[in-house]
Amino acid sequence: MSLLKIARMGHPVLVQRAEAVPDPGAPEIRRLVADMIETMIDAPGIGLAAPQVHVPLRLFVFHLPRERTGEAAAPPAVVINPVLEFFAPEQVLRWEGCLSIPGLRAAVPRYERIRYAGVDCDGNPVGGEVGGLHANVVQHEYDHLDGILYTMRVTDFTTFGFTDELARAAESRAEAA
Ligand code: NI
């Protein structure tokens, strides 16, 4: 396995629509998935979409570390040719960053619960009805497949800033409270 180079905001591959994966079990797809998981964990990040490593195909990897979720942790997994369904109108503001936009964060409106489906490299179905961080990551990564970055979904730009500055500001607010 090897680490892949991550495309940063401004690269055209990040704002184009990715193509369906014709053969999820192909050796080059399995290799790509393994390399993407290694790259995501090394970064470190909790999700990575193929366009972020200069491959305009509809697949992403993610994992949910126990310390980041109130729910069960989920080991690294791939979702190939995903479909996403929004069945509940409730949106919440989620803090997001992106490996393609290093050092920055913003609050982004996202659906609280979603359904998604796709396959893994063996053609097994993956997905389900999810909420919380799981739903958040899937919406963020799915957006990458349509050439959408989280910055395009920000509605309150006063929340957009450098991660360290935002953390300092939150700390000083907490101290003042
Ligand atoms: Ni991202």
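1. In this predicted model, the lining of the second largest pocket divides by class into 5 nonpolar, 2 polar and 4 charged residues. The space in this pocket comes to about 180 Å³. Among its lining residues are L84, F86, R110, Y142 and D146. Strand β5 and helix α2 each contribute at least two residues to this lining.

2. The largest pocket holds about 380 Å³ of space. Its lining consists of 23 residues, and I46, E96, G97, C98 and R105 are the ones nearest the centre. By class, this lining has 10 nonpolar, 9 polar and 4 charged residues. At least two residues come from each of β4, β5 and α2, and α2 supplies the most, with 6 residues.

3. Which residues are the protein donors of the nickel ion? They are C98, through SG, and H140 and H144, each through NE2, at 2.1 to 2.2 Å from the ion. Their spacing in sequence is C-x41-H-x3-H. C98 in strand β4 (residues 91-98) and H140 in helix α2 (residues 132-145) are 42 residues apart, so this pair links distant parts of the chain. Both C98 and H140 are buried.

4. Two arginine residues deserve attention. The charged end of R58 is placed over the ring of Y142, at 5.6 Å from the ring centre. Likewise, R115 has its charged end over the ring of F87, 4.1 Å from the centre.

5. With a limit of 6.5 Å between ring centres, the model contains 3 aromatic pairs. One of them joins F60 and F62, with 6.2 Å from centre to centre and 50° between the planes, a tilted arrangement. F60 and F62 are both buried.

Notes: Residues numbered from 1 in each chain as written. Predicted model: local features only at pLDDT ≥ 70, side-chain atom pairs only at ≥ 80, totals over all residues. Heavy atoms only, no water. Phe/Tyr/Trp six-rings, centres within 6.5 Å; stacked < 30°, edge-to-face > 60°. Buried < 20%, exposed > 50% of the residue type's maximum accessible area, 1.4 Å probe, protein only. Lys NZ or Arg CZ within 6 Å of the ring centre and 35° of its normal. Donors = N, O, S within 2.8 Å, 3.2 Å for Na, K, Ca; no water. Helix = DSSP H or I, 4+ residues; strand = E, 2+ residues; numbered from the N terminus. 1 Å grid on protein atoms, 1.4 Å probe; cavity = no way out; pocket = protein on both sides within 12 Å on 5 of 7 lines; lining within 4 Å. Points joined across faces, edges and corners; volume = space filled by probe spheres on them. Nonpolar A, V, L, I, M, F, W, Y, C, P; charged D, E, K, R; others polar.
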